[in-house]
Amino acid sequence: MESLKEKTARGLFWGGMNNGVQQLIGLLAGIILGRLLSPSDYGMIAMITIFSVVATELQSSGFKTALTNLKSPTDNDYNSVFWFNIVVSLFIYLVLFFSAPLIARYYHTPALVPLCRYVFLGFFISSFGMAQSAWLFKNLRTKQQAKAGLTAIVVSNLCGIILAWRGFAYWAIATQTILYILVNTLMLWHYSPWRPTLSWDPEPVRRMFPFSCKIMVSAILTQVNNNILNILLGRYYTARETGHFNNASQWNYKASYTLQGMVQMVAQPVFVDLAGDPDRQLRALRKLVRFVSFVAFPLLLGFSLVSEEFIVLTITEKWLPAAHLLRILCLCGAFMPLSVLFANLVVSRGRSDIYLYSTLALAVCQLTLMLLLKDNGVRMMVVAYTLLNIFWMFVWHFFVCRITGYRLRHLLADLLPFLVIAAAVMVFTGWATSSFNNLWLRLVSRIVLAAGLYFVIMKLLHAKILDECLQYLRKK
C-alpha cells in the first residue's frame, strides 16, 4: 500500500506536471493573444472578473474544503453538496444577469452588459463538477486532475486563439474562459467514479455549513484581495491602463501558480491525514516550506529579472508598461506559495475562523491602502500591494506558529538560504549581462546563467531538497 510520503511526492509530481504544462500552454497562448488583442480588450475582461470569481465561491460555499476536512465523507455528503451547488449557482446567475446594467454603469462602459451575461455562465457550468472535483481532491487523485486540466486548457486556448485571429476581440477571452470550465467539468465527470442521485438530503450541508461558510467568506475575500487593483483601476483609470496591469498580473500568476497549484493539490489532504500526529505534521510542513522556497525564489526572482526582455520579445513593445509592473509583482509572487501553504495548514486544523479573520484583515488593509494611493499612479499602488502581501506571509506564519510551534527562527532557517542565494544569483546575472544590447541574447544568457549558477551553488552546498527532487525524478 502506498505510504503518505509516497502519495505526497506523487501529488507534488503530478501537481507540478499539471501546473507546469498548463502554464507553458498558457504562456504560448498568452503570447499569441497578446499580439492579437489590445490592452483595452484585456481591460474589459479584467473589470468583470471579480464578479465571476466571487460568484464561484458563493456557489461552492466552501464545501470542497469541508468535504476534504471530513475523515471519511459519504456518498450522501457528496450528493448533498452537489445539488446545493447547482441550485445556489442558478440563483446567483439570475441575480447577476439582471445586475449587469449596474456593473456597466459602475465602470462607465455600456458594452459590459452583454459581456457580463455571457461570462457569468461559466460559474454556473462549474457547479456541476464541484462534487467530482472534491472527490478527486480528497482522494489525492492528482494525476486525473492533471489530465482534466490539461485537456481543458488545450481546447480552450486553441478556440480563444482562433476567435482572436478572426477579430472577436474581448469575446475571444470570454469564450476561452467558458470553454475551459466546460471541458474541465466534463473531464472531472469522466475521471471521478462518484455519481449523484436524484434524492437530496439537506442534513450534510447543514452539518458542514458552520465550517464551510467561513471558508466561503474567506475565499471571497481572497478573490477581492487578488482583484482589488482590477476593481479600482477599472473605476479610476482607463481600460488600457487596467489592461496593462491585468496582463502583468496574469504573467505573474502563471509563474507563481505553477508552484501554488502543486501545494494546493497536496497540502490540505496531507495535513488532515497527519492531524493526529503533530510532530509528523510539523516535519511535513518544514519540508514543504523548504521545497517551496527552493523553487519559488529562483523562479519568480528570475522572471522579474527578465520581465522586460520577455514582454517586449513575446507580445511586442505595446505592452512595455506591463513589463515594468510585472517586475514588481514577481516579488510578491515569490512569497505567495508560502502564504498558501500556511493557510492550508490553518484550515487543516479546523481553524476556519483564523482563516476568515486573517483574510478579512488583509482585505481591509489592502482596500484602505489602495484607496489612499489611488491618485499616486498605478506603479505606486502596485508597489504598496506587493509589500503588503509579502508582509502578510509573516502574519500567516504567526498563526501557524501558535498552532504548531513552528517559530520564526525555524521559518527563517528554512527559507532564508534559498532567498539569499536566489537574490544574489539574480543580482550577479543582471550585472554580468547588463551590457548586452541584443534582447534575445540578454534574455537567453540571463536564463542560462542564472539557472546554471543556482544549480551549481545548490550542489556545492549539498542542498538536501535538491538531492531528493533529483532522486525522485530519476525514479520516475
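# Close-up views of a predicted model

View 1. The crossing of H12 and H18 is right-handed. This is a predicted model. The two axes come within 11 Å, and they cross at roughly 155°. That angle makes H12 roughly antiparallel to H18, because angles over 145 degrees count as roughly antiparallel.

**View 2. Helices H13 and H14 pack together.** H13 packs against helix H14, which covers residues 320-348. Their axes lie 8 Å apart, at an angle of about 150°. H13 is therefore roughly antiparallel to H14. Which hand does the crossing of H13 and H14 have? The crossing is right-handed.

**View 3. Arg286 and Asp414 form a salt bridge.** The structure holds seven salt bridges. In one of them, the side chains of Arg286 and Asp414 meet, with 2.9 Å from N to O. Arg286 lies in helix H12, residues 278-305, and Asp414 lies in helix H17, residues 408-433. The pair therefore ties together parts that are 128 residues apart in sequence. Is Asp414 buried or exposed? Asp414 is buried, with a relative accessible area of 2%. Arg286 is partly exposed, with a relative accessible area of 24%. Side chains of opposite charge can pair when their charged atoms come close.

**View 4. Asp414 also meets Arg290.** The side chains of Asp414 and Arg290 form a salt bridge of 3.2 Å, N to O. Asp414 sits in helix H17 and Arg290 in helix H12, so this pair ties together parts that are 124 residues apart in sequence. Arg290 is partly exposed, at 28% relative accessible area.

**View 5. Arg446 pairs with Glu309.** Arg446 forms a salt bridge with Glu309. The closest N and O atoms are 3.0 Å apart. Where do the partners lie? Arg446 is in helix H18, residues 439-460, and Glu309 is in helix H13, residues 307-315. This pair therefore ties together parts that are 137 residues apart in sequence. Both Arg446 and Glu309 are buried.

**View 6. Three residues join in one network.** Which residues do salt bridges with shared partners join into one network? They are Arg286, Arg290 and Asp414.

View 7. H16 runs over residues 378-404 and has 27 residues. How far does H16 reach from its first C-alpha to its last? H16 reaches 39 Å, close to the 39 Å expected at 1.5 Å a residue. Just after H16 comes Gly405, which takes a positive phi of about 85°.

**View 8. The cysteines form no disulfides.** How many disulfides does the structure hold? The structure holds zero disulfides. The closest cysteine sulfur to that of Cys332 is in Cys330. The two sulfurs are 9.6 Å apart, which is too far for a bond, because a disulfide needs a pair of cysteine sulfur atoms within 2.5 Å. Cys332 counts as buried, at 3% relative accessibility. Cys365 is partly exposed, with a relative accessible area of 35%.

Methods:
Residues numbered from 1 in each chain as written. Predicted model: local features only at pLDDT ≥ 70, side-chain atom pairs only at ≥ 80, totals over all residues. Heavy atoms only, no water. Buried < 20%, exposed > 50% of the residue type's maximum accessible area, 1.4 Å probe, protein only. Helix = DSSP H or I, 4+ residues; strand = E, 2+ residues; numbered from the N terminus. Expected span 1.5 Å × (residues − 1). Salt bridge = Lys/Arg side-chain N within 4 Å of Asp/Glu carboxyl O. Axes fitted to C-alpha atoms, helices over the stretch in contact; angles between N-to-C directions. Parallel < 35°, antiparallel > 145°, perpendicular 65-115°, else oblique. Left-handed = near helix turned anticlockwise from the far one by under 90°.
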